[in-house]
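Here are my notes on the model you sent.

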Amino acid sequence: MLYRFKSKAGADVIMMADSADAVLRLMGRSPAKQGILEAATLPALMQALEAGVAADEAQFQRAVDAARAAGEPPPRRQGVSLRQRAWPLHELMQRSAKENTDVVWGV
């Protein structure tokens, strides 16, 4: 399944379901076939998303530090990072917040 996030403020953002579900959960939202991120809530949702991305990066950095401390090679990120996956939606949310318009999907 694909999610297509839409807003009058910018181009559609398309995400695979597993990535979109993770991003929605970071913002405290339940994954659903249809939904709306209301313009009034976008600043708080963006903060939650940024905090989740920062936590993910901090966790990976701790793993790197632990490996180095143990004299082992540091782990490598597998695939695309959460920051890279979340960034297009974050950008759309920023634009939508500036233009006071909602972000929707599945409609």
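1. Where is the place of Asp 21? Asp 21 sits in helix 1, which covers residues 17-26. Please keep in mind that this is a predicted model.

2. Is Asp 21 buried or exposed? Asp 21 is buried, yet has no salt bridge. The nearest side chain of opposite charge is Arg 25, 4.7 Å away.

3. What does Asp 21 meet instead? Its side chain makes a polar contact of 2.6 Å with the side chain of Tyr 3. Leaving aside neighbours within four places in sequence, Asp 21 is in contact with Tyr 3 and Pro 31. Look at the Tyr 3 pair when you open the model.

4. Next, the rest of helix 1. Its buried residues are Ala 17, Ser 19, Ala 20, Asp 21, Val 23 and Leu 24. What do they pack against? The partners are strand 1, strand 2, helix 2 (42-69), helix 3 and strand 4. After helix 1 comes Gly 28, with a positive phi near 80 degrees.

5. Now the overall layout. The chain has 3 helices and 4 strands. Read from the N terminus, the elements run β-β-α-β-α-α-β. The C-alpha atoms fill a box of roughly 50 × 25 × 20 Å along the principal axes. Of the 107 residues, 33% are buried. Among contacts with a separation of 6 or more, 62% join residues 24 or more positions apart.

6. In which order do the strands lie in the sheet? The order is 2-1-4-3, in an open sheet with antiparallel pairing. Strand 2 (10-16) and strand 3 (35-37) are the edges, and each pairs on one side only. From one strand to the next, the twist averages 20 degrees.

7. Strand 1 (residues 2-7) and strand 4 (residues 103-105) are antiparallel partners, joined over 2 bridges. Phe 5 has Trp 105 of strand 4 as its bridge partner.

8. Which helix lies across the strands? Helix 3 (residues 82-98) lies across strand 1, strand 2, strand 3 and strand 4. Its direction is at about 150 degrees to strand 2.

9. Please check the backbone at Asn 100. This residue lies in the loop between helix 3 and strand 4. Asn 100 is not a glycine, but its phi is positive, at about 55 degrees. Is Asn 100 buried or exposed? Its relative accessible area is 60%, and exposed means over 50%, so Asn 100 is exposed.

10. Last, Lys 8. It is found in the loop between strand 1 and strand 2. Lys 8 counts as exposed because its relative accessibility is 78%. What does Lys 8 touch? Not counting residues up to four places away in sequence, Lys 8 touches Glu 99 and Thr 101. Gly 28 is 20 residues from Lys 8 along the chain, and their C-alpha atoms are separated by 23 Å.

Technical notes. Residues are numbered from 1 along each chain as its sequence is written. This is a predicted model: local features need pLDDT of at least 70, side-chain atom pairs count only at pLDDT 80 or more; totals for chains, interfaces and linings use all residues. Side-chain values use heavy atoms; hydrogens and water are left out. Two strands pair if DSSP finds at least two bridges between them. Axes are lines fitted to C-alpha atoms, for helices over the stretch in contact, and angles run from 0 to 180 degrees between N-to-C directions. Contact means heavy atoms within 4.5 Å. Buried means under 20% relative accessible area, exposed over 50%, partly exposed in between (1.4 Å probe, protein chains only). Lys and Arg count as positive and Asp and Glu as negative; His and the chain ends are not counted. A salt bridge is a side-chain nitrogen of Lys or Arg within 4 Å of a carboxyl oxygen of Asp or Glu. A polar contact is a pair of N or O atoms within 3.5 Å; within protein, one must be able to donate a hydrogen and the other to accept it, and residues adjacent in sequence count only if both atoms are side-chain atoms.
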